[in-house]
Amino acid sequence: MEEEAFAQIVSAVNQLVSWVAAGAMVFGGVVPYIPQYRDIRRTQNAEGFSTYVCLVLLVANILRILFRFGRYFETLLLWQSIIMIATMLVMLNLCTSVRMATELNTKRRSFLATDIKEEEVRIPNRLFLDFDWNYFWSWSRFLDYLQCVVAFTLVAAYVTYVLLDSAVFVESLGFLAVFTEAMLGTPQLYCNHQNKSTEGMSIKMVLMWTSGDTFKTVYFLLTQAPVQFWTCGLLQVIVDFAILFQVYYYGRYPHKPASHTVSHTTSAKAL
């Protein structure tokens, strides 16, 4: 009788652990961006956060969803990708609104051809696109980011549909999705290097990145996951620790900050 009760308790605990693990898998990737989102809203300053982080995660998760059409993986990871895409769009919307509120003299830039007059700055009508590659992913409206994401998704979906029967393409698509995600921290690393500072970046976000990536990499090693998974996981951990070193270095040896006006202009070009 006692053995049956013990077995029931163990079963209930296992079920609870599986539920918690499932919730962590789905929402764990979103948690690091909560403190960054709150910091940007509180300070109305998005200079310390690189929007290229959003670009990396959008591309990685879109490719992962398309990869599922060629090789099935658990539904939890699918929901994780969907929620991450929604989160990155929310972050982009916030960063765009904050930057345009503080950079009133910045020339308006758009993704698709437009013919609008906004705050006495006219964007002439173009045949197709209206952006300079030097300002890619630094557009003036959230709608432009959304248009770019939709365009990329449609093109990638079409290519996937045409080449879905190719095992080489499917495996390459999966690797590209994993490798792109492994590059997550590099835009923030570069942004900190350009600014010579980590001011405005949420340290809590990076610490959560580090702990999550370390746990994930150890899990891949223990479960003998394919080599590209734990290799890319190790790369993520290395980049995370490099960002933490920047926090230490720029905190101990601060560089002379640029003037307020120059800082805004630089951030508009670098991010």
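The crossing of helices α3 and α5 is right-handed, a label given when the near helix is turned clockwise from the far one by less than a right angle, left-handed being the anticlockwise case. Helices here are DSSP runs of H or I with at least four residues, and strands are runs of E with at least two, both numbered from the N terminus. The model is predicted, so local features need pLDDT of at least 70 and side-chain atom pairs count only at pLDDT 80 or more, while totals for chains, interfaces and linings use all residues. Residues are numbered from 1 along each chain as its sequence is written, and side-chain values use heavy atoms, with hydrogens and water left out.

## Packing of helix α3

Two packed helices are described by the angle between their axes and the distance between the axes. Axes are lines fitted to C-alpha atoms, for helices over the stretch in contact, and angles between N-to-C directions run from 0 to 180 degrees. Helix α3 and helix α5 (residues 142–162) pack at an angle of about 30°, their axes lying 10 Å apart. This angle makes α3 roughly parallel to α5. Angles under 35 degrees count as roughly parallel, over 145 as roughly antiparallel, 65 to 115 as roughly perpendicular, and the rest as oblique. On the α3 side, L58, V59, I62, L63 and L66 meet V149, F152, T153, A156, A157 and T160 of α5; contact means heavy atoms within 4.5 Å.

Helix α3 also packs against helix α6. The axes of α3 and α6 come within 8 Å and cross at roughly 155°. That makes α3 roughly antiparallel to α6, and the crossing of this pair is left-handed. From α3, the contact involves V56, L57, V59, A60, L63, R64, L66, F67 and G70; from α6, it involves V170, L173, G174, L176, A177, T180 and E181.

Helix α6 covers residues 167–182, has 16 residues and reaches 23 Å from its first C-alpha to its last, close to the 22 Å expected at 1.5 Å a residue. The expected span is 1.5 Å times one less than the number of residues. Among the buried residues of α6 are F169, V170, L173, G174, A177 and E181. Buried means under 20% relative accessible area, exposed over 50%, and partly exposed in between, with a 1.4 Å probe and protein chains only.

## Salt bridges

Side chains of opposite charge can pair when their charged atoms come close. A salt bridge is a side-chain nitrogen of Lys or Arg within 4 Å of a carboxyl oxygen of Asp or Glu. A search of the whole structure finds 3 salt bridges, listed below.

| Salt bridge | N to O distance |
|---|---|
| D39 and R42 | 3.4 Å |
| R64 and E181 | 2.7 Å |
| D144 and R141 | 3.0 Å |

D39 and R42 both lie in helix α2 (residues 33–43), 3 residues apart, about one turn of the helix. An α-helix has 3.6 residues a turn, so residues three or four places apart point the same way. D39 counts as partly exposed because its relative accessibility is 25%, while R42, at 63%, counts as exposed.

In the remaining pair, D144 is buried, with a relative accessible area of 0%, whereas R141 is partly exposed, at 22%.

## The chain and individual residues

The chain has 10 helices and 2 strands, which follow the pattern α-α-α-α-β-β-α-α-α-α-α-α along the sequence. Of its 271 residues, 40% are buried. Among contacts between residues at least 6 apart in sequence, 73% join residues at least 24 apart.

W137 is not a glycine, yet W137 has a positive phi of about 65°. W137 is found in the loop between β2 (121–123) and α5, and is buried, with a relative accessible area of 1%. K196, also a residue other than glycine, has a positive phi near 55°. K196 lies in the loop between α7 (186–195) and α8 (203–222) and, at 33% relative accessibility, counts as partly exposed.

T210 is found in helix α8 and counts as buried, at 8% relative accessibility. Leaving aside neighbours within four places in sequence, T210 is in contact with D240, F241 and L244.
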